[in-house]
Amino acid sequence: MKRLRAIAACASLLLALPGMAQDAERAELMQLYLASVVADRCEFPLSELEADAIQRASIALQKKLKLSDQAADDLFTEVELGFEKKLPDACKKDGEFAKGYEQVLERLRK
């Protein structure tokens, strides 16, 4: 009986892994979108190379997630609205968005 439970638990974990990976990829795409919004709205420094890296990574994740253009636009809008709700604090140089922005850029530089 214990063995069957262990097998069932492993099976459900294996079935959940693709969904968990997709959730992580969706979260990463949202972070990339947010970095783009923050750079634009807060006028944080963003080189052309970094902007290109954000765009390439975003497009790659959109394709990996099989998002239509409309679904990607909707997700971007969701991120943008979330950002706007945090204004004016969203653009503080030591705030949550600034830290997230730097983390995204750091990952892209690696």
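Me: Where does P88 sit in the chain?
Reply: Helices here (H or I, at least four residues) and strands (E, at least two) are DSSP runs, numbered from the N terminus. In this predicted model, P88 falls in the loop between helix 3 and helix 4 (96-109). The peptide bond joining L87 and P88 is cis, with omega about 0°.

Me: Before I go on, what do I need to know about the numbering and the cut-offs?
Reply: Residues are numbered from 1 along each chain as its sequence is written, and side-chain values use heavy atoms, with hydrogens and water left out. As the model is a predicted one, local features need pLDDT of at least 70 and side-chain atom pairs count only at pLDDT 80 or more, while totals for chains, interfaces and linings use all residues.

Me: How many helices and strands does the chain have?
Reply: You'll find 4 helices and 0 strands. Reading from the N terminus, that gives α-α-α-α.

Me: What share of the residues is buried?
Reply: Start with the terms: buried means under 20% relative accessible area, exposed over 50%, and partly exposed in between (1.4 Å probe, protein chains only). Buried residues account for 25% of the 110 residues in the chain.

Me: Is S58 buried or exposed?
Reply: S58 has a relative accessible area of 7%, so the residue is buried. S58 belongs to helix 2 (residues 48-64).

Me: Which residues have a positive phi although they are not glycine?
Reply: Take E43, where phi is about 55°. E43 is in the loop between helix 1 (2-42) and helix 2, and E43 is exposed because its relative accessible area is 68%. Then there's K66, with phi of about 60°. K66 is in the loop between helix 2 and helix 3 and, at 74% relative accessibility, K66 is exposed too.

Me: How many salt bridges are there?
Reply: A salt bridge is a side-chain nitrogen of Lys or Arg within 4 Å of a carboxyl oxygen of Asp or Glu. By that rule you get 7 salt bridges. One of them pairs E25 with K64, at 3.0 Å from N to O. That pair links distant parts of the chain, since E25 is in helix 1 and K64 in helix 2, 39 residues apart. E25 is buried at 18% relative accessibility, whereas K64 is exposed at 55%.

Me: How far apart are the closest N and O atoms of K92 and D89?
Reply: They are 3.4 Å apart, and the pair forms a salt bridge. K92 is partly exposed at 43% relative accessibility, and D89 is partly exposed at 46%.

Me: Why are E106 and R109 separated by about one helical turn?
Reply: Because they are 3 residues apart in helix 4. Salt bridges that share partners also join R41, E80 and E84 into one network. As for E106 and R109, they form a salt bridge, with the closest N and O atoms 3.6 Å apart.
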